[in-house]
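Student: Hi! I have a structure open on my screen and would like to talk it through. Could you walk me through it?

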Amino acid sequence: MTGRTSRLREESLAAEPAISAERAILLTEFYRENEGRWSVPVLRAKSFYYLCEKKTIYLGEGELIVGERGPAPKLVPTYPELTCHSVEDLKILNSRPKTSYRVDDACLAAYADTVIPYWSGRSLREKIFEALPAEWHQAYRLGIFTEFMEQRAPGHTVLDDKIYQKGMLDFKKDIARSLADLDFENDPLAYDKAEELKAMDISCDAVVLFAERHAKLAESTAAATSDPVRKRELMKIAANCRWVPAHAPTDFWEALQSYWFCHLAVITELNGWDAFSPGHLDQHLISFFERGLAEGTLSREGARELLECFFVKFNNHPSPPKVGVTAAESGTYTDFANINLGGLLPDGSDGSNEVSHLLLDIIDEMHLLQPSSNIQLSRKSPDAFLKHTLRVVRKGYGFPSIFNADSVVEEQLRQGKTLVDARAGGCSGCVEVGAFGKEAYILTGYFNLVKLLELALHDGLDPASGEQLGPHTGDPASFTSFDQLFEAFRQQLAHFIGIKIRGNRLIEMIYTRLMPAPFLSVLTDDCISRGIDYNAGGARYNNSFIQGVGIGSITDALSAIAQLVYDEGQFSLSELAAVLDRNFASDEPLRQRLLHKTHKYGNDDDYADDIMRRVFDAFFNEVDGKPNTKEGVYRIEMLPTTCHVYFGSVTGATSDGRLSGTPLSEGISPVQGADRNGPTAVIRSAGKMDHIRSGGTLLNLKFSPGMLAGEGGIDALAGLVRSYFKMDGHHVQFNVVNVQTLRRAQERPSEHRDLIVRVAGYSDYFCDLSTALQNEIIERTEHTAL
Amino acid sequence: MVYGSQATPVATGTVFNLQRYSLHDGPGIRTTVFLKGCPARCWWCHNPESQDPHPEIAISSSYCIACDACLLACHEGLKPREQCVLCGDCSSTCPTGARSVVGSTMTVDDVVSQVLRDRMFFEDSGGGVTFSGGEPLSQPHFLKALLAAFRSHEIHTCVDTAGLCCSDALLEVAPLVDLFLYDLKCIDPARHLEGTGVDNRQILENLERLSTVHHNIWIRIPVVPGFNDDNEEMERLARAVAGRHAVRQVWLLPYHETWAGKPERYGKELPIKARTGVTPPAPEELENFARIFRDHGCTTSIGG
């Protein structure tokens, strides 16, 4: 790091996340004045223009890449059109022990006096909750599933290479062409399309204006600067902001600044999930990098410093504050912007290059919470690239995570994408697969696979609430075979997937009609050519996902029943259910037996692993291929973020020996501590899942640093990854810390504020995690080599 | 059976552990097969369960929840160890795994099918299978049958031996072994006998003979405080190893206390030296010993 980037990094780390009411106030002003004056898309575009015109802009001392979403770093705006926080919500955000956001009195007053009086009853969240049926609310309240879109907009979107070839002025030409081509004679939707295209055009102007304001600020700052070096930098910044994103960038610096303006615009327009991501940054930058070096306009050190400044920008942007269940399922400051390295070029050749290695060095040196980073490893990726990555992984920040680029392509081909689009795709968020720049791939909520067994064991009754939550699937005393129990489980699954998908469709329609995203649509093919919004199915591909949680726990719970009740006849299913209802009170020996003497997923034990496959198939069969409202279909993913802790808290004791209320297994990892045969056995078990039929799976392996020591440790880890990927494994990530370190951090958090651990699909500061999640991470098996 | 042509009359043996993802018993990702039984009684042995050639009961008292399931299961009412007939009923009823039987009879087929589960990892990392113990050559026929079977599957084989066997047995398996991990402890005969309970003449003679017929040997030397951790002994060891073309690498393995808690588990008396407390060798000291070997032209590493 240079002195500049080291200081910017420190400032970013030290800044405290706080809520800024500015966006909410501006938006309220605009809506009070203008609601109902234009079509919905045009109203949204004009409100976005208003924000770009009026919001406070910021240019930090020494910055080379400019622009902030809030008035200053780590000041986080709110989106009252989606969720209008109550004064009580804001006070909770201010005071909650983890992932808090400072809320000052002025902000509280603005909310009480201006924002809440207007938006109360008008926010999308309220409209969604009002429209959803009672059965949906009951399942949501009792912990069967979560709902992503109740306070954040559909997002999960990544940019492709288009902004490096075109500027906003070029997109405006495309929009004009599309408008001119509308067929008002034969296309009954032509009027809607015209409004949408007008909205896209306005949003392009808004972003150009936003950049121009930064150009002016840079010029005035330069005028007031005596340091000639900084003055030159500021004049270059001004020139950058005047040229991009209006035009395609001409050099490395402009390329980064152009992306950053697009990023800010997307996360200002709406608060879409997972912010926004640059995708294959190394592939996008390599031509600018090489040209700059060849022409002598860029040095390697200069490129490195620019990238470091770029990284700090991501870290300045904590996720918009979530409340309620959604805060529990994703309790983190990280907003999941994720950079892909390596992968494949559209022609199928290896995509790693010198910038990939430069970025790995920067990830290593900066180790910031944001942006997340991953490598896309294909059969064609050189070992040098993998090993460079593993040397960074070994430091224990939990990133980069490692994806199987060949599986990522194959998964997308199964979904019907073209080969070129699939290769240009990759992963974002935690582990989700999408066609970058061409797809709205929307995660809709986590799904509690484990609680369904609890319902099947009680004929649909939820023991905790006493409510009849699920359908009557039979008295467990009447199940004479494991197959009958599994069928009851499957029927519970089918019932709630039905409720979830019907609810999702309703929410999709609400977004389609009330909350278009014209600027995001400009950046997503084929919204312009089709004249249809991102939130209305304008993207080339529109897959929606439901994310299964707890496959390890449900597998072990079912496996214990198959073995002890049906194979060995040790006790009846009703007797076991009664023990679970008592949460093993006075049944500790039985609980120990369930923990230690039954077949467990994660040990390369086909008895358990076959049950895992059966659960996966049941989940897949209920979800995959069901239509959404955007000419796309539903698919499954297997990832939890932090939701395995929340789902565990609402799920009673389970027959794998798990106590009531404790966390479920995360991702497709084995139950914490259940894997006893080391990492190759875990990988063999996980490899038995058919990853190609998912849209992403998450496998966490935890190592003590000693295991990875020396080149031998790196070589072995590289072999481990390559083998898993030959089995079509989708993703693997490594936690490299020892248990003592974590315990010390728990006791003395102030001394370990920089301790980053891999949580689920992302890394987080250990001390920011809930105590339950901290304990859970400590318990995850620490694989120890002899 | 792929290895049928090489099958010997004894195709079963006693195995006490199959350790997957073993990184320190040869190159790459390996599965180490631990064969039970060893003539030596090194006081620092970190696998005391490897010594007795027969299965035995292990008790990890920290896992015991005093549920008395073992008492009820034992037909004789939990006899003392000497009278135990190893029926295994106590360990199979034990809910926590606090009681277990260490060591089981396995066929060559059993071992092969278990180990081959990780074949892909071996191939991707340049690993394979390692036979350790105990002294794996204390089950020479079983070992030979295993080696032949893995050779037929094109799996890289290592044998981790202390050379405590008759030379004929060693030379008979040698052609089936890709890499020997050969443990040397001490050249001084009296010290060797005192520390390990066995004479070292056979060990040295076996090394001599092996290095004339085999060409890929790693020497592994535990550096044990008060036993061999002085310059004179290291010098003697280095001279014994130096100049052998077959010896590709020397590893100095610092004494560590991973054996802690193990003797109690097998009802074995804690070795007197261990009870009095021993400090593991300091890194500078190890570096100094490594230099002695390097001065004799040996490629030498610490750890592993």
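**Talking through the model**

Tutor: Happy to. With 12 C-beta neighbours inside 10 Å, B:D68 counts as exposed. Keep in mind that this is a predicted model.

Student: Thanks! Where is B:D68 in chain B?

Tutor: B:D68 sits in the loop between β3 (56-59) and α1 (69-73) of chain B. Its phi is positive, about 70°, although B:D68 is not a glycine.

Student: And B:Y21, what is phi there?

Tutor: Phi of B:Y21 is near 50°, again a positive value in a residue other than glycine. B:Y21 belongs to strand β1 of chain B.

Student: Is B:Y21 buried or exposed?

Tutor: B:Y21 is buried, with 26 other C-beta atoms within 10 Å. The cut-off for buried is 20 or more.

Student: OK, zooming out. How is chain B divided into domains?

Tutor: Domain 1 covers 4-53 + 104-302, and domain 2 covers 56-101. Their C-alpha centres lie 31 Å apart. Six residues from domain 1 of chain B and six residues from domain 2 of chain B make the contact. On the domain 1 side, those residues are one nonpolar, two polar and three charged.

Student: How many helices and strands are there in chain B?

Tutor: Chain B has 12 helices and 11 strands. Of its 304 residues, 44% are buried.

Student: Now the two chains together. How many residues does the contact take from chain B and from chain A?

Tutor: The contact takes 21 residues from chain B and 25 residues from chain A. On the chain B side, the elements giving two or more residues are β1 (12-22) and α4 (119-125). That side of chain B has nine nonpolar, eight polar and four charged residues.

Student: On to chain A, then. Why is chain A described as being as compact as a globular protein of its length?

Tutor: Start with the make-up: chain A has 31 helices and 14 strands. Its radius of gyration is 26 Å, close to the 28 Å that the globule rule gives for 786 residues, so chain A is as compact as a globular protein of that length. The C-alpha atoms fill a box of roughly 85 × 60 × 55 Å along the principal axes. Of the 786 residues, 60% count as buried.

Student: What about the sheet with β8, β9 and β10 in chain A, what is its strand order?

Tutor: The order is β8-β9-β10 in an open sheet of three strands, with parallel pairing. β8 (442-448) and β10 (634-637) of chain A are the edge strands, each pairing on one side only. From one strand to the next, the twist averages 30°.

Student: How many bridges join β8(A) to β9?

Tutor: Five bridges join β8(A) to strand β9 (residues 544-549) of chain A, and the two run parallel. For example, A:L443 has A:F545 in β9(A) as its bridge partner.

Student: Which helix lies across β9 and β10 of chain A?

Tutor: That is α26 (residues 606-623) of chain A, running at about 155° to β10(A).

Student: And strand β3 of chain A, why is it called largely enclosed?

Tutor: Five of the five residues of β3 (residues 338-342) are buried, so the strand is largely enclosed by the rest of the structure. Five bridges join β3(A) to strand β4 (residues 372-377) of chain A, which run parallel.

Student: Last topic: which residues does a cis peptide bond join near 0° omega?

Tutor: One cis peptide bond joins A:Q370 and A:P371, with omega about 0°. A:P371 is in the loop between α15 (354-366) and β4 of chain A. The peptide bond from A:D525 to A:D526 is also cis, with omega near 0°. A:D526 lies in the loop between α21 (518-522) and α22 (527-530) of chain A.

Terms used
Residues numbered from 1 in each chain as written. Chains lettered and ligands numbered in written order. Predicted model: local features only at pLDDT ≥ 70, side-chain atom pairs only at ≥ 80, totals over all residues. Domains from an automatic or database assignment. Contact = placed C-beta atoms within 7 Å. Nonpolar A, V, L, I, M, F, W, Y, C, P; charged D, E, K, R; others polar. Helix = DSSP H or I, 4+ residues; strand = E, 2+ residues; numbered from the N terminus. Pairing = 2+ DSSP bridges. Axes fitted to C-alpha atoms, helices over the stretch in contact; angles between N-to-C directions. Rg over C-alpha atoms; globule rule 2.2 N^0.38 Å.
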